[in-house]
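Please open the structure in your viewer and keep the selection panel at hand, as this tour moves from one selection to the next.

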Amino acid sequence: MSRGALAFTLQLAVSLVLLVLLARRVPFHDAADALGRLRPGTLASCVALSLVGYWGRARRWSILLERCGVTLPSRTSYRLTLVGTFYGLVTPGRVGEFARVLHLDAPRTATLSSAVWDRVADILILELLCVPAFLFVPAWRGPLLLTYLALVAFTVAGVVALGNPAVLRGGVGVASFGWGAFFYVFNYAVAWLLIRDLVPHASPLLLVGLPVIPLLGNLPVALGGLGLREQVSASVFGQFGAGAANGAVFSLLLFTTVTLLPGLLGFLASALPGVRGNSVETTRP
């Protein structure tokens with residue numbers, strides 16, 4: 001078995017174990033009741049908001065590509081961003097997102113560099129957005145805070161190892177971070193709509209810790225964070241008196257509307273004519 005296949009198998013096993021433990025902790029009827037409170041209109045609105053938000057991620061990648069000498073049409077950038085989201089779903093630590101560059105007919109050095117810094121920018125934004133949760137909400141502290149600090153240290157070390165990237169000079173960094181924030185504004189809107197249906201009178205402080213949940217998906221522990229996110233969400237919702245079952249269902253619904261369904265749309269888009277190769281307009285310095 002190859003190293004990649006072994007990592008996939010181990011992380012899938014961790015996810016399955018965590019989900020089994022979650023099922024023993026959260027009564028099925030409570031989870032079913034929570035799902036029953038979700039209105040179809042809310043689900044449709046959440047998917048729509050998520051798809052709008054992905055324009056921010058697509059624009060950020062376009063900016064990074066332009067800095068590397070590659071010009072990508074907006075629609076192609078958006079479509080390939082969704083494709084990368086699907087690849088990330090089925091790979092440990094979401095490293096599969098880098099595979100979107102295989103759809104570009106451009107120098108691999110430039111395109112891969114843009115994808116790497118796109119992921120770095122995304123993780124940095126999530127880490128910054130997590131700060132209020134750990135500062136103002138005790139429920140988010142404890143072992144989770146230590147994990148967060150370790151991840152921040154790892155990110156900083158990674159940035160130092162990558163050196164001084166040209167893509168972060170000349171104001172491009174500010175623009176790319178701004179478009180990344182655009183994406184997460186819509187994530188907050190999705191989260192609020194879900195919480196409003198699941199726990200109508202829940203504390204707004206639950207939203208403060210929202211970035212922690214997708215950040216956990218970047219840890220190479222469980223496959224895409226599946227199971228780990230739900231365990232943490234169930235614990236925090238329980239501490240807020242919002243119900244562990246609501247927390248678990250909320251995390252699964254957030255993953256479904258923000259990552260899974262857009263990723264599946266990306267997969268379908270990857271099968272359309274004109275996605276690969278010469279459909280991508282590029283300029284080379």
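By class, the lining of the second largest pocket consists of 11 nonpolar residues, with no polar and no charged ones (Ala, Val, Leu, Ile, Met, Phe, Trp, Tyr, Cys and Pro count as nonpolar, Asp, Glu, Lys and Arg as charged, and the others, Gly among them, as polar). This is a predicted model, in which local features need pLDDT of at least 70 and side-chain atom pairs count only at pLDDT 80 or more, while totals for chains, interfaces and linings use all residues. Residues are numbered from 1 along each chain as its sequence is written, and side-chain values use heavy atoms, with hydrogens and water left out.

To see this lining, select L19, L22, A23, V26, F28, A31, A32, L35, A248, V249 and L252. Then colour α1 (3–25), α2 (28–36) and α11 (244–270), each of which supplies at least two residues of the lining; the largest share, 4 residues, comes from α2.

Next, select helix α3 (residues 40–67) and helix α5 (residues 108–136), which pack at an angle of about 135° with their axes 9 Å apart. That angle makes α3 oblique to α5 (angles under 35 degrees count as roughly parallel, over 145 as roughly antiparallel, 65 to 115 as roughly perpendicular and the rest as oblique).

Finally, show the side chains where the two helices touch: R57, R60, W61, L64 and L65 in α3 meet T111, S114, A115, W117, D118, R119, A121, D122 and I125 in α5, contact meaning heavy atoms within 4.5 Å. The residues of this contact divide into 7 nonpolar, 2 polar and 5 charged.

Notes: Axes fitted to C-alpha atoms, helices over the stretch in contact; angles between N-to-C directions. 1 Å grid on protein atoms, 1.4 Å probe; cavity = no way out; pocket = protein on both sides within 12 Å on 5 of 7 lines; lining within 4 Å.
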